[in-house]
Amino acid sequence: MLSEIKEVPIFMWIIIATLLLTQASWIFYDASKRGEKKWLWGSFGLLNVPSNLIIYLIVTRLVMKTKKCEYCNKNIRKESYFCPYCGKEVKK
Amino acid sequence: MGKSCENYKDILIDIIYEEKDFNKDIKDHLKHCDNCMKYYKELKDTKNRLNNLNTEPPIEYRKISKAFIKADEIKKKKSDIKSLFVFMLLSVIFLTMVVTLAVNGFSKEIIYFQISTYVIFPFILPFMIKKRAKKEGYDVK
């Protein structure tokens with residue numbers, strides 16, 4: 001089976017490269033919108049498809065980014081307009 | 001031929017607007033002409049009343065603040081799109097090199113690398129989640 005690897009046609013490699021480019025570009029853009037490390041995640045997305053995309057989605061959606069409320073100093077979601085603990089309006 | 005009261009009234013308007021200064025001629029005329037003196041006092045009074053009126057429109061600070069935030073968001077979006085294009089260009093160069101290597105006899109090595117990433121990355125996922133949760137301040141046991 002390993003000797004058959006040499007027989008992979010060039011168009012298959014081009015398809016895989018296109019999929020990797022699309023995946024990595026989407027991850028890069030999504031990471032930049034969310035304030036994540038876009039260059040790191042974008043490069044991660046270039047390594048394989050689609051498992052790295054699944055890993056990116058799990059990590060960034062499961063553990064949401066936080067910020068500190070300037071009034072009560074508790075950790076709140078980064079996109080929050082109001083603190084769920086003290087109720088004050090926070091800077092975005 | 002001396003100037004008429006109409007001429008003096010025009011000059012008085014210029015004086016009120018601070019475009020001309022008082023001169024001896026105007027001062028002498030005002031001393032002798034009650035109409036022009038009355039006219040000058042009315043102009044001065046009107047000017048003082050207008051200066052005391054608060055004619056500034058109320059400033060809506062919230063709207064201004066929102067406009068600044070929107071401007072920052074637009075600026076960030078443009079910067080994100082710019083970096084995306086740079087990333088895509090670098091990715092195309094990188095992938096072209098990989099495909100060239102694959103076609104020139106290195107396909108086995110590239111596929112071994114791919115298989116190893118499929119196997120290894122799912123195992124490091126729990127550590128990535130734990131590290132990120134700790135960094136964001138969640139309670140991690």
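Reading the two chains

Guide: In helix 2 of chain A, Trp41(A), Phe44(A) and Gly45(A) meet Asn52(A), Leu53(A) and Tyr56(A) of helix 3 of chain A. By class, the residues of this contact are four nonpolar, two polar and no charged. The model is a predicted one.

Visitor: At what angle do helix 2 and helix 3 of chain A pack, and how far apart are their axes?

Guide: The angle is read between the N-to-C directions of the two helices. For helix 2 and helix 3 of chain A it is about 145°, and the axes are 8 Å apart.

Visitor: What lies in the loop between helix 2 and helix 3 of chain A?

Guide: Two residues to look at there are Leu46(A) and Pro50(A). A peptide bond is read from its omega angle. The bond from Val49(A) to Pro50(A) has omega near 0° and is cis.

Visitor: Is Leu46(A) buried or exposed?

Guide: The reading is a count of neighbours: a residue is buried if 20 or more other C-beta atoms lie within 10 Å of its own. Leu46(A) is buried, because 22 other C-beta atoms lie within 10 Å.

Visitor: Which residues does Leu46(A) touch, not counting residues up to four places away in sequence?

Guide: Leu46(A) touches Leu20(A) and Ala24(A), and on chain B it touches Ser91(B) and Phe94(B). A C-alpha distance gives another view of its surroundings. Leu46(A) and Ile27(A) are 19 residues apart along the chain, and their C-alpha atoms are separated by 9.5 Å.

Visitor: Which residues make up the largest nonpolar core?

Guide: The general idea first. In soluble globular proteins, nonpolar side chains tend to be buried together. Here the largest nonpolar core has 12 residues in all. Among them are Ala17(A), Leu20(A), Ala24(A), Ile27(A), Phe28(A) and Ala31(A), along with Trp41(A), Phe44(A), Leu46(A), Ile55(A) and Tyr56(A). Phe87(B) also belongs to this core.

Visitor: Which elements give two or more residues to this core?

Guide: They are helix 1 (10-34), helix 2 (38-45) and helix 3 (51-62) of chain A. Helix 1 of chain A gives the most, with six residues.

Visitor: What is the secondary structure of chain B?

Guide: Chain B has four helices and zero strands, so its pattern along the sequence is α-α-α-α. It has 141 residues, of which 4% count as buried. For contacts in chain B with a separation of 6 or more, residues 24 or more positions apart account for 47%.

Visitor: What follows helix 1 of chain B?

Guide: Glu18(B) follows it, in the loop between helix 1 and helix 2 (24-32) of chain B. The backbone angle to read here is phi. Phi of Glu18(B) is positive, near 60°, in a residue other than glycine. Glu18(B) counts as exposed because it has 8 C-beta neighbours inside 10 Å.

Visitor: How many residues of chain B are in contact with chain A?

Guide: The interface has 29 residues of chain B in contact with 30 residues of chain A. On the chain B side, the residues divide into 19 nonpolar, six polar and four charged.

Visitor: Which scores does the model carry?

Guide: Its ipTM is 0.75 and its pTM is 0.63. For chain B, the mean pLDDT is 86, and 93% of the residues reach 70 or more.

Definitions and conventions: Residues are numbered from 1 along each chain as its sequence is written. Chains are lettered from A and ligands numbered from 1 in the order in which they are written. This is a predicted model: local features need pLDDT of at least 70, side-chain atom pairs count only at pLDDT 80 or more; totals for chains, interfaces and linings use all residues. Two residues are in contact if their C-beta atoms, placed from the backbone, lie within 7 Å. Ala, Val, Leu, Ile, Met, Phe, Trp, Tyr, Cys and Pro count as nonpolar, Asp, Glu, Lys and Arg as charged, and the others, Gly among them, as polar. pLDDT is the predictor's confidence in each residue, from 0 to 100. A nonpolar core is a set of buried Ala, Val, Leu, Ile, Met, Phe, Trp, Tyr and Cys residues joined through C-beta atoms within 7 Å. Axes are lines fitted to C-alpha atoms, for helices over the stretch in contact, and angles run from 0 to 180 degrees between N-to-C directions.
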